[in-house]
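Morning, everyone. I have one structure to walk through today.

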Amino acid sequence: MPARRPTGSRRRSTTPSRHQRPRSDLVSGPNSGLNNSTARGDPAPSTPRRQIAMSILDSIQRQIPPIHKEGYPFIGGFALASLILFWLWSPLGWIGTILTVWCALFFRDPVRVTPVREGLVVSPADGRVSMITMALPPAELGLGDRPLPRISVFMSVFNCHVNRSPIAGRVDRIAYRPGLFINAELDKASEDNERNSLVITTPTARIGVIQIAGLVAKRIVCFVREGQAIGAGERFGLIRFGSRLDVYLPLGTKALVSEGQTAIAGETILADLAGDDPSRAYRAN
């Protein structure tokens with residue numbers, strides 16, 4: 001006689017319950033693909049809002065220039081001092097923060113687009129063309145004892161202070177001379193102030209470039225060495241905290257800038273040694 005099934009027992013169903021079903025079975029409709037990919041850990045597709053945010057972030061990053069490595073110790077020192085000032089008194093800390101931002105801007109090193117046609121002389125510094133005159137070059141340059149055309153570019157403490165080569169050639173001479181720290185805008189600063197002089201030789205001419213320390217500047221930094229080849233617009237030095245650069249040109253060269261004009265290192269054309277670009281007239285607006 002067959003055994004009877006115990007009362008109260010039920011046949012176990014082979015169909016999974018709602019709670020046992022895979023999550024993909026619970027999702028239906030046009031959004032099922034998105035939910036399934038999210039459940040599997042796949043990255044969600046980008047949305048217009050995300051694209052707009054990334055575009056804004058990219059625009060902001062493009063406006064922030066890189067910082068030259070020479071500025072890292074100074075920026076770090078200003079930042080540390082700001083933290084200490086915040087601990088002492090918060091208004092002083094905010095002043096320190098502003099100075100830290102200024103220090104970072106001082107050592108900015110933006111990319112420059114340099115014209116590379118042979119014979120073009122570009123500005124070695126950011127700043128204002130403070131003087132265009134005939135002047136006797138420093139003796140250490142070895143450019144002779146006759147007055148030569150000289151273009152001076154004054155850099156304030158708000159300008160970028162990375163210096164760039166005015167022309168392509170070979171660095172034939174580097175001569176450092178200690179001196180004073182009077183206002184670099186004065187004409188006598190060319191003779192009395194601390195300076196570092198370079199002679200760059202091209203196949204057709206010799207150009208003198210002089211880094212002159214200013215009232216606040218305390219150190220001139222030179223990145224190149226004698227005998228080194230250098231291209232127009234390439235970085236060759238830096239002056240810390242306010243200074244001036246003089247460019248001595250071959251006799252007979254005409255300046256293509258005017259006093260008071262704003263110059264951009266590596267981009268503004270100061271002169272054309274080939275003579276293909278005639279002298280220009282300027283007016284102030």
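Start with strand E6. Arg-195, Ser-197, Val-199 and Thr-201 point one way from this strand. Asn-196, Leu-198 and Ile-200 point the other way.

One caution before we go on. This is a predicted model.

Next, the neighbours of E6. On one side we have strand E5, residues 169–177. E5 pairs with E6, residues 195–201, in the antiparallel sense. How many bridges are there between E5 and E6? Seven. Let me point out two positions. Arg-170 has Thr-201 of E6 as its bridge partner. Val-171 stands opposite Ile-200 in E6.

Then comes strand E7, residues 206–213. E6 and E7 run antiparallel too, and seven bridges join them. Look at Thr-201 again. In E7, its bridge partner is Arg-206.

Eight strands form an open sheet. The order is E9-E5-E6-E7-E11-E3-E2-E12, and the pairing is antiparallel. Which strands sit at the edges? Strand E9 (229–230) and strand E12 (262–263). Each of these pairs on one side only. And what holds such neighbours together? Strands of a sheet pair through backbone hydrogen bonds.

Now the helices. Find helix H4, residues 72–88, and helix H5, residues 90–106. Their axes come within 7 Å and cross at roughly 170°. Anything over 145 degrees counts as roughly antiparallel, so H4 is roughly antiparallel to H5.

Who meets whom there? From H4, the contact includes Phe-74, Phe-78 and Phe-86. From H5, it includes Trp-94, Trp-102 and Cys-103. Across the contact of H4 with H5, 12 residues are nonpolar and six are polar. None are charged.

Last, the chain as a whole. The protein chain has six helices and 13 strands. Of its 285 residues, 38% are buried. Its accessible surface comes to about 17,400 Å², and 57% of that belongs to carbon and sulfur atoms. One more number, on contacts with a separation of 6 or more: residues 24 or more positions apart account for 71% of them.

That's my tour. Over to you for questions.

Methods. Residues are numbered from 1 along each chain as its sequence is written. This is a predicted model: local features need pLDDT of at least 70, side-chain atom pairs count only at pLDDT 80 or more; totals for chains, interfaces and linings use all residues. Side-chain values use heavy atoms; hydrogens and water are left out. Helices (H or I, at least four residues) and strands (E, at least two) are DSSP runs, numbered from the N terminus. Buried means under 20% relative accessible area, exposed over 50%, partly exposed in between (1.4 Å probe, protein chains only). Contact means heavy atoms within 4.5 Å. Accessible areas come from the Shrake-Rupley method with a 1.4 Å probe; for residues, only the protein chains shown count as cover. Two strands pair if DSSP finds at least two bridges between them. Axes are lines fitted to C-alpha atoms, for helices over the stretch in contact, and angles run from 0 to 180 degrees between N-to-C directions. Angles under 35 degrees count as roughly parallel, over 145 as roughly antiparallel, 65 to 115 as roughly perpendicular and the rest as oblique. Ala, Val, Leu, Ile, Met, Phe, Trp, Tyr, Cys and Pro count as nonpolar, Asp, Glu, Lys and Arg as charged, and the others, Gly among them, as polar.
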